[in-house]
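Morning, everyone. Please have the sequence and the model open side by side. I'll be quick.

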Amino acid sequence: MTQSLKVWSKFSTNKESGVLNFQIVDAPRDRTEDVAELIFHHFMTGESISKAADSAKRAATTVLKYTNIQEL
C-alpha cells in the first residue's frame, strides 16, 4: 500500500535546460531514522545553543527521543 505524504510546498525554477519542479513533503515512516540523522548531523550540531552547551551527546539523545515520538 502506498503511503500518502503531505505536500508542504511546491516551487519551480527556470534553468537553461528547462523548468525544474520541486516539492517539500513529509518523510515516509520507513525513513524516520534517516531524517533524524540528517537533523542531528546538519542542523542541531551547528545551533548556537548546542555549541555553547557542548551538548552533542545530549542533542543525539534528543533526536532519538524525537524519533521515538514520531513512531507513536
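Which strand gives the largest share of the nonpolar patch? The answer is β2, with three residues. Before the details, some ground rules. This is a predicted model, where local features need pLDDT of at least 70 and side-chain atom pairs count only at pLDDT 80 or more, while totals for chains, interfaces and linings use all residues. Residues are numbered from 1 along each chain as its sequence is written, and side-chain values use heavy atoms, leaving out hydrogens and water.

Now the layout. The protein chain has three helices and two strands. These are DSSP runs, numbered from the N terminus: helices are H or I with at least four residues, strands are E with at least two. Along the sequence the pattern reads β-β-α-α-α.

Take the strands. β1 and β2 run antiparallel, joined by eight bridges. Strands pair if DSSP finds at least two bridges between them. A hairpin links β1 to β2 through two residues. Find Ser 12, and you will see Asn 21 of β2 opposite.

Back to the patch. Its members are Trp 8, Phe 11, Leu 20, Phe 22 and Ile 24. Together they have about 490 Å² of accessible area at the surface. Areas come from the Shrake-Rupley method with a 1.4 Å probe, and for residues only the protein chains shown count as cover. A patch takes residues with over 30% relative accessible area and no salt bridge; like charges are joined within 9 Å, nonpolar side chains (Val, Leu, Ile, Met, Phe, Trp, Tyr) within 5 Å. A salt bridge means a side-chain nitrogen of Lys or Arg within 4 Å of a carboxyl oxygen of Asp or Glu.

Is Phe 11 buried, partly exposed or exposed? Phe 11 sits in strand β1. It counts as partly exposed, because its relative accessibility is 42%. Buried is under 20% relative accessible area, exposed is over 50%, and partly exposed lies in between (1.4 Å probe, protein chains only). Of the 72 residues in the chain, 11% count as buried.

One last stop: Pro 28. Look in the loop between β2 and α1 (32-42). Pro 28 has a relative accessible area of 27%, so it is partly exposed. What does Pro 28 touch, leaving aside neighbours within four places in sequence? Gln 3 and Leu 5 are in contact with it, meaning heavy atoms within 4.5 Å. Leu 5 is 23 residues away along the chain, yet the two C-alpha atoms are separated by 7.1 Å.

That's my tour. Thanks.
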